[in-house]
Amino acid sequence: MIEFRSVTKQFPDGTVAVEDFSLVIPSREITVLVGSSGSGKTTILRMINRMVDPTSGTVEIDGEDVMSLKPVQLRRSIGYVMQNSGLLPHRKVVDNIATVPLLRGEKKRDAREHALELMDTVGLERSLADKYPSQLSGGQQQRVGVARGLAVNPNILLMDEPFGAVDPIVRDELQNELLHLQRELDKTVVFVTHDIDEAFRLGTQVVIFRKGGIVAQKGTPSEILSNPADEFVASFIGADRGKRALHIEQTSTGSVLVDSDGRTAGVLTPEGSISEGSTSEARATTAQVVGAPAQGEEAS
């Protein structure tokens, strides 16, 4: 479990990025921090692995204050995936994935073999192992980034807008892959995004921020969709614009969600969740329409 207790971050120029922030991030679930630029979400993420240190307050992992831990050792024990993958351009794919295990003293042969296994895990062909990042597509590069983040088998995986730089089709594939990996690996994932649909699709817990690291609302996707805390939240999630107005139609094969133009947005399973392949809009709206969970694992 990760816990923030009355955390404030003020930078030397006087900018307050986060003020009196408290949050419990449960173990083995995906918590999504969502907000516009300048809302403090990335600063909060980076305080977990001490890429940023709080000005006041505490950040604890399983009851231990991160400030009592050595930054380098802490970072090497936590997976980190960033936008644009952040791969080392002069290193081959397999060597990028093996970077942290090698830094921790793992034998090169063992690290390489484990990297190849991780390529299988994230859906990359092993034939790409000796390619350089520039020879890969954007989606492939992000998969390498995820594999590198998992290379030390961390309990915690931090993901800072990891899918923001790829096209919508690839982004959808990567979101599906993350949900699949979470079912298989059961990590504590902290995911930053500015996309509310992505937040609702992936998150078990979603935290919506105002500017300055102020929490506007936190809860499950279904709780937020069914009961926005105020006008800001309603506007942010699109409820005030009727953006999520879908309705259910019965067909010979079951129930489907249909948008205002009559197009099928998703298929409801007998349990009331959204089937794989449904649109992100349908996944995000399921809870509001039928009162069913909209969390990532339920909706995959």
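**Entry 1: the antiparallel sheet**

For my labels, helices (H or I, at least four residues) and strands (E, at least two) are DSSP runs, numbered from the N terminus. Two strands count as paired if DSSP finds at least two bridges between them.

A note on the source before I go on: this is a predicted model, where local features need pLDDT of at least 70, side-chain atom pairs count only at pLDDT 80 or more, and totals for chains, interfaces and linings use all residues. Residues are numbered from 1 along each chain as its sequence is written, and side-chain values use heavy atoms, with hydrogens and water left out.

Back to the sheet: 4 strands make it up, open and antiparallel, in the order β2-β1-β4-β5. Its edge strands are β2 (16-25) and β5 (64-65), each pairing on one side only.

**Entry 2: helix α1**

Next I followed helix α1 (residues 41-48), which lies across β1, β2 and β4 (56-61) and runs at about 120° to β1. Axes here are lines fitted to C-alpha atoms, for helices over the stretch in contact, and angles run from 0 to 180 degrees between N-to-C directions. Contact means heavy atoms within 4.5 Å.

Why is α1 largely enclosed by the rest of the structure? I found that 7 of its 8 residues are buried, so the helix is largely enclosed. Buried means under 20% relative accessible area, with a 1.4 Å probe and protein chains only. I listed the buried ones as Lys41, Thr42, Thr43, Ile44, Leu45, Met47 and Ile48. After α1 comes Arg50, with a positive phi near 65°.

**Entry 3: the mixed sheet**

I moved on to an open sheet of 6 strands with mixed pairing, ordered β6-β7-β8-β3-β9-β10. At its edges I noted β6 (79-82) and β10 (214-219), each of which pairs on one side only. From one strand to the next, the twist averages 15°.

Strand β9 (residues 205-210) pairs with β10 in the antiparallel sense over 5 bridges, and Phe209 has Val215 as its bridge partner in β10. Helix α6 (residues 138-149) packs on the sheet and touches β6 and β7, with its direction at about 165° to that of β6. Helix α7 packs on the sheet too, touching β3, β7 and β8, and its direction makes about 160° with that of β8.

**Entry 4: strand β8**

Is β8 (residues 188-193) mostly covered or mostly exposed? I counted 6 of its 6 residues as buried, which makes it mostly covered. In a regular strand the side chains alternate between the two faces of the sheet. I checked both faces: Thr188, Val190 and Val192 are buried on one side, and Val189, Phe191 and Thr193 on the other.

For neighbours, strand β3 (residues 30-34) runs parallel to β8 with 5 bridges, and Ile30 has Val189 as its bridge partner. Strand β7 (residues 156-160) is also parallel to β8, again with 5 bridges, and Leu158 stands opposite Val190. From β7 the chain crosses through α7 (residues 168-185) to β8 in a right-handed β-α-β crossover. Right-handed means that, with the strands pointing away from the viewer, the path from the first strand over the helix to the second runs clockwise.

**Entry 5: the whole protein**

Conventions. Buried < 20%, exposed > 50% of the residue type's maximum accessible area, 1.4 Å probe, protein only.
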